[in-house]
Structure formats: structure tokens, C-alpha cells
Amino acid sequence: MIARERLAREFLALAAIDAPSLHEREMADALRARLEAFGATVAEDGAGAALGGNAGNLLADLPGDLPGPPLLFSAHMDTVVPCVGKTPRLDADGRFRSDGTTVLGSDDLAGVCAILEAARSLREDGVPHRAIQIVFSVGEEINLLGAQQVAPGALEAREGYVLDTSGRPGHAVDTAPGNRHIEAVFRGRASHAGIAPEKGANAVAAAAAGIAACAWGRLDPLTTANVGRIEGGGPTNIVPEECRVSCECRSFEAARLDALAGSIAESFRTAAARHGCTVDVEDRKAYETFALDEAHPVVRRFADACAALGIAPDLSRGGGGSDANVYAHRGVACLVMACGMTDVHSTHESLALDDLEAVARLVRELMVRA
Ligand SMILES: [Zn+2]
């Protein structure tokens, strides 16, 4: 049985722990103790050292009685700022909230708590279940850096569930875009702006022309692009020598993403040349797209588990990235499950205990299904 009171106590205890990205040590220790208490074998990988953080990803294995490879269940340990000194509470209306000065941390402790309670309750009740792999990742909120440190061979599971999106229990994201991050550095030549402007090459003007030559926003139903930051120049009496531009593009189609990133780089090069400048363009795959159709076992199992609990499944396309994008390219097909978190990444964030309990029941159902 999912123990509602225990779930509430555990959420409040964990949400009181500070866990900004790359400072997940105390959270990792608290979660390891809980995982080991119900019989999981826990390892911590080297993500902390690799990223300059103080804790690695936790990878836990719980042997199962039912046949089949392990199922993966994952949530992240880190919390977006402001998240230091949280004082979570359960209000009379049945919702967890912070005191309004910090986030609550239900992103992603709702996922963490649902996974813990589901596995713990199955062990307590002696109910046969699948072999289970649990990953609690670090650094998810800083471009999925933690999950990207999970060694390719570390995941035995081929199917799984990432608990990390807003919405009511039963909602899940089955398709998510890939994301490319583009950093461009335009370089010109400094010169006195009044006395000898013709000896200069204006890096700010080149960057502006490059940005103006590209399309931004929603480019087609599957694709978006955004220029997020420009930085450069100095006093107005100097022709500026350098200008940096940061942008990103997302698409549900990998080929479209490649083409778009290529065309942005090409527009920047053309504009740089026209202004007598050069440009270095660094194009990094932040994460890749994934898509699961309704016949996929991960989706069917989710629909069956929802049906068993009288919950209507609600699958949709997502616009953001999660650890599921990273696991997909480790060969693990994952659905991203909603866990009741609301108004995340704000100090109004809240979570209904009813929703948390329902998500824990749903995870428990998934753990016992073929
Ligand atoms: Zn999250």
C-alpha cells in the first residue's frame, strides 16, 4: 500500500534539504540511505568530479521477481534557484508550498518521492515486481549535464519512465525536441571611431547583421529558434573588436535541426565577411530529440497502468528537454511522466498531496507490469 502520511512526511523532509545544481551532496546521502533501507544496491558515479559538483548521479538496482529486463525510473536531485533555506509546508487545502521566498522543490522531489514510495511499498507488501533501475541525477537544471555523465553501459534497462514534468497524474510527454546551442564570436578590428573608422571592422555591426539575417521564434510547427544573448563592444569612440552571440534552436526533426543550425552559422559567416570581420561558430548538441508512438511498450504499459487506476492517460508533445532525451541516446526509451508539480521554477510552485499519492500509485502499477 502506498502510505500517504509517510509520503507527505518524506516530501517535507527532502524538500527542506538544500540541493542547488552541483551541490546535491546532502540530498544524495539522504536518498542513498532511503534506497538502501528497502534493499536497493546503490552506486554513485563520477558526475560530481567531472562537473565540479559535490555529488554524482545515484544509480540503484533493485532485483525483481518478474521476468524481463529492468525498468528504469528516474528523477533529478537538483533544484532551480532560489532554493536555499526552503521551509516547505503542507497547507490546509492539501497542497505543499514554500514560504514564498524560495521555490518548493517539487520539481523534482515529487518524482523522487513517488519512485521511493512505490518501490518501498512493493517490498513491504511482498508483491512480485520487475527488476528496477533507479537513477537520481545531478545537474538536470543546468542543461541535463548530470545525466549526460551516466556511462553508456551503466543502464541495463531498455525502457523507462522519467518523472519530471508538470501536470496532473496521467499526463505524459511522448515526444520531445532536440536542442542545439550555438555560440558565435564575431571578431573585427579596433580603431578610433572618429579619426580612423575605415581602419576598423565593426564586430557589433557584423553580429547585428548576422542576427537580422536569420529567422527567430516559431519557424514551423516542429521547430523554434531563439537568440538569447549578445555581448560585446565598449566605449562609443572605439570601433568594437569583439561581439558574442548565444542562441539555440529546437526541433522534433533531427534533420531540420541540423539544417537550421547550419543555416544560422552560414548567415553569421556571410554577415561577418560583409563587415570585414571573422566569426567562430561553436555548435553543440545540448540534447537529441525522441519520439515514442502509442504502440511502443513504454506507452502501452503506461496506458494500462492508468486504466488499472481509473486515470485517463493524456499524452502530448513536450517543448523542453529532460533526462529522457539523454537516456534515449543511451538506448533507453523513456516516457516523461507528470508528477503533479505546478508553477515550477517560481516561488508560487505547489504540489497537491492527492496528486503525489496518485503518481506513486501509478509508478507502483508500472513496476509490476510486463
Ligand atoms: Zn525538473
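Reader: Which strands does helix α5 lie across?

Author: Helix α5, residues 203-212, lies across β9, β11 (223-232) and β12 (242-251), and α5 runs at about 15 degrees to β12. Helices (H or I, at least four residues) and strands (E, at least two) are DSSP runs, numbered from the N terminus. Axes are lines fitted to C-alpha atoms, for helices over the stretch in contact, and angles run from 0 to 180 degrees between N-to-C directions.

Reader: And what kind of model is this?

Author: This is a predicted model, in which local features need pLDDT of at least 70 and side-chain atom pairs count only at pLDDT 80 or more, while totals for chains, interfaces and linings use all residues. Residues are numbered from 1 along each chain as its sequence is written.

Reader: Fine. What is the strand order in the open sheet of 5 strands?

Author: The order is β10-β11-β12-β9-β13, and the pairing is antiparallel; two strands pair if DSSP finds at least two bridges between them. Because β10 (217-220) and β13 (278-287) stand at the edges with a single partner strand each, one side of each is left without a neighbour in the sheet. On average, neighbouring strands of this sheet are turned by 20 degrees against each other, with direction ignored.

Reader: Over how many bridges do β9 and β13 pair?

Author: Strand β9, residues 178-187, pairs with β13 over 9 bridges in the antiparallel sense. Within that pairing, Phe186 stands opposite Val279 in β13.

Reader: Stepping back, how is the chain divided into domains?

Author: Domain 1 takes 4-176 + 289-367 and domain 2 takes 178-287, with bounds that come from an automatic or database domain assignment. The centres of the two domains, taken over C-alpha atoms, are separated by 37 Å. Their contact takes 8 residues from domain 1 and 7 residues from domain 2, where two residues are in contact if their C-beta atoms, placed from the backbone, lie within 7 Å.

Reader: What classes of residue does domain 1 put against domain 2?

Author: The side of domain 1 that touches domain 2 has 3 nonpolar, 5 polar and no charged residues. In this scheme Ala, Val, Leu, Ile, Met, Phe, Trp, Tyr, Cys and Pro count as nonpolar, Asp, Glu, Lys and Arg as charged, and the others, Gly among them, as polar.

Reader: On to helix packing. At what angle do α4 and α9 pack?

Author: Helix α4, residues 106-125, packs with α9 at an angle of about 50 degrees, their axes 8 Å apart. The two helices are therefore oblique to each other, given that angles under 35 degrees count as roughly parallel, over 145 as roughly antiparallel, 65 to 115 as roughly perpendicular and the rest as oblique. Among the residues that meet there are Ala110, Cys113 and Leu122 in α4, and Leu356, Val359 and Met367 in α9. By class, the contact of α4 with α9 divides into 12 nonpolar, 1 polar and 2 charged residues.

Reader: And how do α7 and α9 pack?

Author: Helix α7 (residues 297-308) packs with helix α9 (residues 353-367) at an angle of about 125 degrees, and their axes are 9 Å apart. The contact is made by Arg301, Phe302, Ala305, Cys306 and Ala308 of α7 together with Leu362, Glu365 and Leu366 of α9. The contact of α7 with α9 has 6 nonpolar, no polar and 2 charged residues.

Reader: Where does Asn143 lie?

Author: Asn143 lies in the loop between β6 (132-137) and β7 (159-165). Its phi is near 65 degrees, a positive value in a residue other than glycine.
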